[in-house]
Structure formats: structure tokens, C-alpha cells
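This briefing covers a helix and the residue that follows it, a helix pair, and a pocket. Please keep the sequence and the model in view while reading.

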Amino acid sequence: MPARDDYILRFINLLREALAEALRLRTAGNYEQALLTLMIAQEKLFARPAPEFLGRPLDEQLRMLTIGESDENARTKVLGYASLLREAGLVYEKRDRRDLAESAFQLALHVTLLSAASATGPTRDETLEQARELLARVPADQLHEPVKELLKAVGAS
């Protein structure tokens, strides 16, 4: 197995472990620790400290995330990022921070739709299903214009 494939498999396992740990912490009511777990996972995903990617425009974040990656590996990392954002939204919901939850869900939706736009076949269908689940968590009147445009473009609305 080439080293790059091994790297992606390790990354996927790390992501699964981080999401499982965040879920466990959220279920136990340890919301701050769950958020910390998600932030550490994001830093590992981006291979840099959070201040270097947080607050940057989404297109720049995704460029930082996927630079030098094959299309398949880039897609895996992008959807991993969306999964971390979704879990953060669930934690914020539990903390009664609907504003932060909606923001996290909307960003996860945007990232997922961008991935769906370039996917084909069953991969596209799976990604669109993830997008629909996220769409149900964001009030329609709160959707940002780029997200609305992507919804139309990929036929997920």
C-alpha cells in the first residue's frame, strides 16, 4: 500500500475516533471537552494550529485543507471537516446555543454541497443525503446565498 493511502487510512481512523469521543462526551454532558476534542481533530485535519485556519474565508480554508491531495483524498478530508462541524453543531444545540449550532450546521452544509457538486454516482447520492440531513437543521430563511445557489446547482433542495 502506498504511503499516501496509508496516511489517509490513518486519518480516517483518527477522524472516527475523534467523532466517537466527541459523541461520548456530548452524551455525558461534557460539552466543553467535546468541543475541545473537535478542535484538536480540526487542527490535525488541517495540520496546523486553529488560528491559522479559523476565521478565514471558506474557499481559503478548503484550499489549505486539500493542497497537495489527490481528488479522492481531498474529498475525504473535506467531508471529514463537514463531519466535525456537524458534531460541533450538535454540541452547541445541547448547550442551548442555537445561534452557534445553526452556524456550524450551515458551514457543514456548505462544505458538503461543495463536495457533492464535484462527486458522481453513488458517492454523489451519499453526499447529497448528508446535505439533506444538514439542511433540515438550518431554517430556510437563515440560509446564506452561496448555500442556496449550491442547493439549486446540485438539486438538493
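Just after helix H4, Asp96 adopts a positive phi of about 60°; helices here are DSSP runs of H or I with at least four residues, numbered from the N terminus. The model is predicted, so that local features need pLDDT of at least 70 and side-chain atom pairs count only at pLDDT 80 or more, while totals for chains, interfaces and linings use all residues. Residues are numbered from 1 along each chain as its sequence is written, and side-chain values use heavy atoms, with hydrogens and water left out.

**Helix H4**
- The 24 residues of H4 should span 34 Å at 1.5 Å a residue (1.5 Å times one less than the number of residues), which agrees with end C-alpha atoms 35 Å apart.

**Packing of H5 and H7**
- Helix H5 (residues 98-118) packs against helix H7 (residues 145-154) at an angle of about 35°, and their axes are 10 Å apart (lines fitted to C-alpha atoms over the stretch in contact, with angles from 0 to 180 degrees between N-to-C directions).
- On the H5 side, Gln106, Leu109, His110, Leu113, Leu114, Ala116 and Ala117 meet Pro146, Val147, Leu150, Leu151 and Val154 of H7, contact meaning heavy atoms within 4.5 Å.
- The residues of this contact comprise ten nonpolar, two polar and no charged (Ala, Val, Leu, Ile, Met, Phe, Trp, Tyr, Cys and Pro count as nonpolar, Asp, Glu, Lys and Arg as charged, and the others, Gly among them, as polar).

**Lining of the largest pocket**
- The lining divides into eleven nonpolar, four polar and no charged residues, where a pocket is an open set of points on a 1 Å grid over the protein atoms alone, where a 1.4 Å probe fits, with protein on both sides within 12 Å along at least five of seven lines, and lining residues have an atom within 4 Å of a point.

Note on methods:
Helix = DSSP H or I, 4+ residues; strand = E, 2+ residues; numbered from the N terminus.
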